[in-house]
Amino acid sequence: MSTVHIHTTVNGDPVDFLSEPHTSLLNVLRDKLDLTGSKEGCGSGDCGACSVMLDGELVCSCLVLAPEAEGRRIETIEGMAQEGQLHPLQQKFLDLGALQCGFCTPGFLVAAKALLERNPDPTEEETRYWLAGNLCRCTGYDKIIRAVMDTAAEMRQERVSA
Amino acid sequence: MSGVLEKQELKIVGTRPVRPDGADKVTGKAVYGGDYHLPGMLWGAVLRSPHAHAKIISIDTRKAAALSGVKAVATHSDFRESDDSDEINAGETMIDIDAAAQMCLAKDKVFYDGQPVAAVAATSAEIAAAALDLIDVQYEVLPHVIEIEDAMREDAPVLHDDMFTQGMPETPKTASNVSMRLEKITGDADAALDDADVVVTRRYTTQMVHQGYIEPQSCVASVSADGQAQIWCSSQGAFMVRSVAAAITGMNLSDLRVVPLEIGGGFGGKTTIYLEPVALVLSRKSGRPVKLALSRDEVFRSTGPGPGTIMELSLGATKDGILTAAVMDLKYQVGAFAGSGCGAGVMHALGCYRIENTRVTGCDVVSNMPSTNAYRAPSAPQAEFAVECAMDEIAEQLGMDPIELREKNGVKPGDPSFSGAPLGQVAFMETLAAAKSHPHYSAPLGPNQGRGIAAGWWVNHGGESTVMVSINEDGSAVVATGNPDIGGSRASMAMMAAEVLQIPMQKVRPIVADTASIGYSMLTGGSRTTFATGRAVCEASAEVVEILKSRAAMMWGVEPDQVEWHDGEARCTAPGSDEAPLGIKQIASQTAKTGGPINAEIVVNPHDALPTYGVHICDVELDRETGHVSVVRYTAVQDVGRAIHPSYVEGQAQGGAVQGIGWALNEAYVFDANGRMDNSGFLDYRMPVASDLPMIDTLLVEVPHPTHPFGVKGVGEVPIVPPLAAVTNAVSHAAGMRFFDLPLTPDRVYAAINSQS
Amino acid sequence: MTYHAPANVEEAISLLGSQDNAWPVAGGTDLLVQMRSGRIKPGAIVDIKQIARTMGTSAKDGGFVIGAATPCTALLKDDALCKAWPGLVEAANLIGSVQVRNRATIGGNLCNASPAADSVPALIAADARCVIAGPQGEREIAAAELPAGPGRTNLGKGEFLVEIVLPPREAMSSDAYLRSIPRTEMDIAVVGAGVSLSRDKDGVCTQARVALGAVAPTALLVADAGEALVGSQLDDSALAKMEEAVKAACSPIDDKRGTIDYRIAMAAVYTKRAAKIAYDRAGEGA
């Protein structure tokens, strides 16, 4: 096994790490960088709990090899709140009780943020299909979908009044 | 009960504040089982049986142990010899220690694909995995059996040569795969069926299903040189983990401290353990902390799902729609060991209704599948599915509204319960009425759509809990419980404490304490926590209020009964007193002068939990060309006592409904010809995804529990009961024919429609 | 295991030829899952995403060239491609979830050689060609020829898929892809049906190609199903004839995802539905 030296940017900070080439980005985040907010629910891209942004694209970090992160920009749940201020989606999830056990929540938030950046006015159907790669077993999705759509509406309102 | 608890105007209970553990969960800071690390920690890995049924001839671990970086190897022989009769009460199930140990590491036989056989701990996960490849296990493969009826055949391979069916008038002399039989009789069911005007006789089946929590089990164990040990893990009960792990490894409970981490879903599946005893052994042998974590594949293959069933039912009624007779036989597919079986099924099957003449029989059948465990209202959804489908047919045959049929027969306060004792303040009637008047129930249906309704109930539990409420020097409070918070219980605990103390909820910090920091508490399960532990929180808070009053009295030099507690402050009612009120902060800051710290510990063990009821309305649309069913509208109406935090009560109803919808439509264990699970991942074990579902409307029916301080009834389990039949009845109406076998996958529905036409 | 990210085709060929048990990887959404389960233990990973030719879409000779490592979601950003081949783009964007499609590629979907791969029937219906590079230079084969059986391809040692070429599109042509899955997302096709056709201004179908997934060891072109539509306005009798041809071509297996009978029946249903969508789309420009 040959260890590789990777240079990357995580939540805006330059990060160097050593990794076996077959290690997943998820394992690097969790075991080497102590960023355990990204969760492993399946390790096969079926649950979305490990969702992160890779150069601005939403991906499952369990399906990215560590060396693929070389020179890339990674954003995780740990970078979503800025300077101690929750992102509107994070606040709305709290306000509406859109989490129960909370294990899938980081993945949902990262995925929902990616949706709203791309589509500020998603329909319920668009929201549901966009989030179909994120499994939640506690909530039945109802409050999650409402939280994402409510946040979208508020963010649109803020843009109008800004 | 203290006067403080009789206060009726509520300021906090019933509102929707942000949960105290919320911020960490939306920022990724919350520490779950798999997130815990210790310096010097080793990585463990478990070798599993590739066979569904085999004798272990030998296990040679020498090569693995010799691999550089491997620090310990464990097999069953590292556990203590357990006494066969050792059982631990885990709320809704009993944990047999001998069986639990074999589910951690097999003894002399393997009973299912994926059963652990040996384990290693090494300096990296890669080395641990490589070491597993070096373990040589010799098996003698035995014929295996999966299906209930195959396992009951006389020539079936017998899993356990010491399994003699329990519950028979005379215990059989030969071993079989039927672990127990159960019978409950009232009146003369056969005669009553003969006399009934209308009888529906049907056979129903359901498949083995998994709880599907998104967090796989994970733990870290560390054993010190003096034998004291700690475990950090997520579970539904740290005390349960301590009991089972200590029993399997032969430890004193006082030497083992279990620290509960955040739990990523349980639904009953984390009411027993699969890893912790192995991690303890590996840590003891290596002298270093050891982490063990399951993969998703391992979760499916080696943890305890909910049982499949075969159920036969004859239900009889008069032409006026009065149920008169039921004969029911329930067979539960409990997996490799006597697991979560027919007991609660027999108890719950007919429990929504008053039926004079009943005979319900049940049996548990073992076969070469993972050993079942509790899954949300364990065993009730299956049995009630059968009854609620038959109810729908009776209503149809009588030309009667299905809710009206249920209203005619539904249980009311004072009716006999399963045990014969009269039911308390149950609210099934109110729940039915609320469903009937819900706009959904009378909304028009589109083409190819059908509507189904079904009811369901769950008994709910009380049980032992310990709570400590402490007042800090600044007047804020800490509420410590021993119950892991699965879905928001810290919010409800803090709200109840704040309501009693009459201080803002933000001043109350709820924590889930470890096993060395609080007294024993039964695990979080059975819908007991907000009810039982919540009662302890109320009582401890009330006791604290009494102490605060007495301290204020001391400060004022008056009698304690001359002090009243309002809005978080003491007011002096002594005649002629003009003392300014003393706030909680002022009192708390003076404790060194008034008698020391202010806190109260309360233990409870209530037995007066009340059952709760749900009525669900489901609309589906059927694609007749493909057999594909879409749920297009869904409403869950539920009797909740009183909702402490309505958002999380609604969340229980929504989550339970969707688990039930998944059970009805797509979820099932699939085994290949060799008895290996063929769909051990989220790709092919098809739980509902967001795009499969509509919004799940909820309607909370509040008929408070008369003896709980805030009227709480258990709410978590009921909502998984009605959906199986609500969906099936809806599909039956959309298709114009009846369905009896779950799941209603498109190929099955298509085949049924086409075999009819 | 070693990881390599060659910058050009030649380097990739050299690595694939010289490294022991080397696997090319594009999106990795299948390979990583198989590595994790232990089914595949590569000695070397050759990541082809740094090779310019494998990334992105472009118009060429009246048709399109799709780099083999282009993520499925990137196809959505090429308006001309979406207009000409909406069915193919849809097929690629039914795979997995958004997270998966931001990585997964139709090149990988093809080379993974699953009989149930969503984009493959659409590629075959589109008469797509595959540009393969290897030690002997480049060669081109039909998309249908690339998979050899479940999990096996006709790629030789050191070869890898560089580009997929879509032919020029006649006026009033379109395509569609539909699949049968138990849920609404996140499933593997029980049956997949791709149809590409052309019609004239009278609505008469002048050319049609029908391809099926998950009903045989590899995705199939069903020539006589396409022929059944030619000359018709997709009336009931033409569709019935097409459905018969589809059913006759199916040789599926019973497995955890579906039964033989159901797969055959659904192949006919979904082909019919896809044909109607393709036909309506082809008429939209009229």
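## Exercises: contacts and cover in a three-chain model

In this predicted model, 44 residues of chain A are in contact with 44 residues of chain B; "in contact" means that their C-beta atoms, placed from the backbone, lie within 7 Å. Being a predicted model, it has local features given only at pLDDT of at least 70 and side-chain atom pairs only at pLDDT 80 or more, while totals for chains, interfaces and linings use all residues. Residues are numbered from 1 along each chain as its sequence is written, with chains lettered from A and ligands numbered from 1 in the order in which they are written.

**Exercise 1.** Work out which helices of chain A supply at least two residues each of its side that touches chain B.

- Step 1: Look for helices (H or I, at least four residues); these, like strands (E, at least two), are DSSP runs, numbered from the N terminus.
- Step 2: Pick out α2(A), which gives the most, with five residues.
- Step 3: Sort this side by class: 23 nonpolar, twelve polar and nine charged residues. Here Ala, Val, Leu, Ile, Met, Phe, Trp, Tyr, Cys and Pro count as nonpolar, Asp, Glu, Lys and Arg as charged, and the others, Gly among them, as polar.

**Exercise 2.** Now find what chain A uses to touch chain C.

- Step 1: Start with the totals: 24 residues of chain A are in contact with 21 residues of chain C.
- Step 2: On the chain A side, β4 (57-60) and α4 (124-130) each supply at least two residues.
- Step 3: β4(A) gives the most, with four residues.
- Step 4: By class, you get twelve nonpolar, nine polar and three charged residues on that side of chain A.

**Exercise 3.** Decide how many residues of helix α3 (residues 97-104) of chain B are buried.

- Step 1: Call a residue buried if 20 or more other C-beta atoms lie within 10 Å of its own, with C-beta atoms placed from the backbone.
- Step 2: Seven of the eight residues pass, so to speak, and α3(B) is mostly covered.
- Step 3: Name them: B:Ile97, B:Ala99, B:Ala100, B:Ala101, B:Gln102, B:Met103 and B:Cys104.
- Step 4: Their cover includes β4 (87-89), β5 (94-96), β7 (116-122), α7 (238-249) and α8 (276-286) of chain B.

Terms used. Contact = placed C-beta atoms within 7 Å. Buried ≥ 20, exposed ≤ 12 C-beta atoms within 10 Å, placed from the backbone.
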